[in-house]
Amino acid sequence: MRKILCLLAGLFLSAGLLHAQPAAAPADARQLWQLLDYVAVDYGGAVENGAVASESEYAEMLDFTENAAQQIQQLPAHASRAAIAEAIKALRAAVERKAEPAEVARLAHAANALVIAAYPMPVAPKALPDLARGAALYAQQCASCHGATGDGNGPLAASLDPRPIAFTDRERAASRSLMALHQVISQGVDGTSMPSFAALPEEDLWALAFFAGTLSYDEAMRSRGAQLWQDAKTRQGFPDLAAVTTTTELAAAETLSKDAARDVTAYLRAHPDAAEAGKPAGLTLARQRLKESLAALHAGNRSEATRLALSAYLDGFEPIEPMVGARNKSLLVAVEDAMLNYRSQVSGGTPEQAQAAAAQLDQLFAQVDEELGTAQAAPLTTFIGALTILLREGLEALLIVVAMIAFLKKAERRNVLHYVHAGWISALVAGAFTWVVATFLVEISGASREVTEGVGSVFAAVVLLSVGMWMHNKSAAGRWQSYLDEKLSAAVAQRSAWALFALAFIAVYREVFETVLFYSALTADGNNGALLGGFFTAVALLAVVAWILLRSSARMPIGKFFSITSVLVAVLAVVLIGKGVAGLQEAGWIGVHPVLAPRIEILGVFPTLETLLAQAVVLAIVLAGFALNRRAGSKALAR
């Protein structure tokens, strides 16, 4: 039975990992991107006014485009691969006819945009880069070759062939993106003295790329760029950090004047936080991602459409989910179901079906706008919200912890009770720390929240299922007393004490984690007195429930206790597996196939094939295990 349960847990977690980590771009895709970027940046030094200015550099451009045409054919099959090949062919033709550098750069960047869309790779840092750290790294690792100011005249430059590039070269800098700098720094450049710095942490690579990207600009440019940034039209071209890292100065000049593109680029590379400050959030971001998802679907790119649909929920709606849930729980449920339905249509339906699902979502978003746009909730609403949230989130954890405590007392193993108490107390401390972190330090992402809840629920379900089977086996066989006398003492002390701690911690922390997020949303209404009143009332009610459960279990005969508790624990396992799979679906770890079924959250029942199937599997294991236990018990009593 334990092997079966471990296998079940492994299947859920391995399936989650497969969905959690998007497939990384093949190394060849990164090399292709780098080749095309070389052409965009270096072609200007090979051709001037339709004539070859440097035979060696022109030969290099021809070689790069030829290699690019070969590399795209070696990449994994993709619906966009033919389009990328055509874009590279057009680039090759432009190089052969000695087109203007601006045209070649445009064609190379267009081809690279297709490469990134088909074979996704990181195009921006996960957090804002530290330019001071970048400056220190540059002084340590780069200044000896590229010079302290980036002019390419470092102490070692004269002995190198070819000479290091000058970051201060304005013409090159105008056609070079920060992502290109990151790629060169992380991969190095074959045939030159530029090594790979892949051993550096990713945040250091980006810090170094950003700092190197500032060396061709001066303070006057940055100052003018700061003024230009105040214009809303200027900000539209750089909606987020990814736009800052992928947009070249020349590309920006297509919508801005040449001088404005230079100055805004100078400002944003020195102050990347400015772009992040204007980043859309909440329903605005959810609507934007939904629109982008539909566009990707109509273009035939289902994988990108699915990624954007998931982002619409996790990055857009999920951060405001606690606030919506605190105001209007039924509306929250409707949005969650509609989001899952949209993702299902994107992955397996027609574009028309996805369009209809998106229209339904847009109507629900309008209702959310109206709900959140109303005046702050009344104190009574806040009180009821705080009370029901804590009761709802705390009851499951309470049942698990109380069952563990009652079991150990019945088994006369009070000496390991402190492991259980340490587990739930540590969970409360961790919850308080989570509140501090989420309030004052960092924003907890939607994916982190759903994964925490999902994995925690699956783990707790598997452990509870194992415990329930074991307890029912002893009660069905009528051997509970002899087992306790002969084996339980050593087993609990030697093998299970830390497992008890882990179960108590996870059972309580997953509920505290959810409660912290919902309570943070309730504080926005300003009814702190009502919130505290609801909190303490819920705590008192939970304490009464715990007292009643512990007292009734103490009076219950041990055989009956084992029998009833085994059923309760098994039911909790079925509930938690449903909630766990639902959480992993919302995080994008597991696929979504909606079905016609009721949504009963208190029982972990959700209208998707995956959640119902998971519950059916666990329920089948419970029923089969109970039946085998009864049969074994009957045989034992007949002897």
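**A covered helix and its surroundings**

Helix α10, residues 202-212, is mostly covered, with 9 of its 11 residues buried. Buried means under 20% relative accessible area, exposed means over 50%, and partly exposed lies in between (1.4 Å probe, protein chains only). Helices (H or I, at least four residues) and strands (E, at least two) are DSSP runs, numbered from the N terminus. The model is predicted: local features need pLDDT of at least 70, side-chain atom pairs count only at pLDDT 80 or more, and totals for chains, interfaces and linings use all residues. Residues are numbered from 1 along each chain as its sequence is written, and side-chain values use heavy atoms, with hydrogens and water left out.

Which residues of α10 are buried? They are D204, L205, W206, A207, L208, A209, F210, F211 and A212. What do they pack against? The partners of these buried residues are α6 (131-141), α9 (178-187), α13 (241-246) and α15 (258-270). Contact here means heavy atoms within 4.5 Å.

Take the pairing with α9. The axes of α9 and α10 come within 9 Å and cross at roughly 125 degrees. That angle makes α9 oblique to α10. Axes are lines fitted to C-alpha atoms, for helices over the stretch in contact, and angles run from 0 to 180 degrees between N-to-C directions. Angles under 35 degrees count as roughly parallel, over 145 as roughly antiparallel, 65 to 115 as roughly perpendicular, and the rest as oblique. The crossing of α9 with α10 is right-handed. A crossing has that hand if the near helix is turned clockwise from the far one by less than a right angle, and is left-handed if anticlockwise.

The α9 side of this contact consists of L178, M179, L181, H182, I185 and S186. They meet E202, L205, W206, L208, A209, F210 and A212 in α10. The contact residues divide into 10 nonpolar, 2 polar and 1 charged. Ala, Val, Leu, Ile, Met, Phe, Trp, Tyr, Cys and Pro count as nonpolar, Asp, Glu, Lys and Arg as charged, and the others, Gly among them, as polar.

Now the cysteines. How many disulfides does the structure hold? It holds 0. C142 is in no disulfide, and the nearest cysteine sulfur, that of C145, is 8.3 Å away. That separation is too far for a bond between C145 and C142. A disulfide is a pair of cysteine sulfur atoms within 2.5 Å. C142 counts as buried because its relative accessibility is 11%. C145, at 21%, counts as partly exposed.

Next, the backbone. Most residues other than glycine have a negative phi, and most peptide bonds are trans. A cis peptide bond joins D161 and P162, with omega about 0 degrees. P162 sits in the loop between α7 (143-146) and α8 (170-174).

N49 is not a glycine, yet has a positive phi of about 55 degrees. Its place is the loop between β1 (47-48) and β2 (51-52). N49 is exposed, at 72% relative accessible area. K98, also not a glycine, has a positive phi of about 60 degrees. The loop that holds K98 runs between α4 (81-96) and α5 (101-118). Is K98 exposed, partly exposed or buried? At 28% relative accessibility, K98 counts as partly exposed.

Last, a link across the sequence. I384 belongs to helix α22 (residues 379-410) and is partly exposed, at 43% relative accessible area. I384 and G534 are 150 residues apart in sequence, but their C-alpha atoms are 6.4 Å apart in space.
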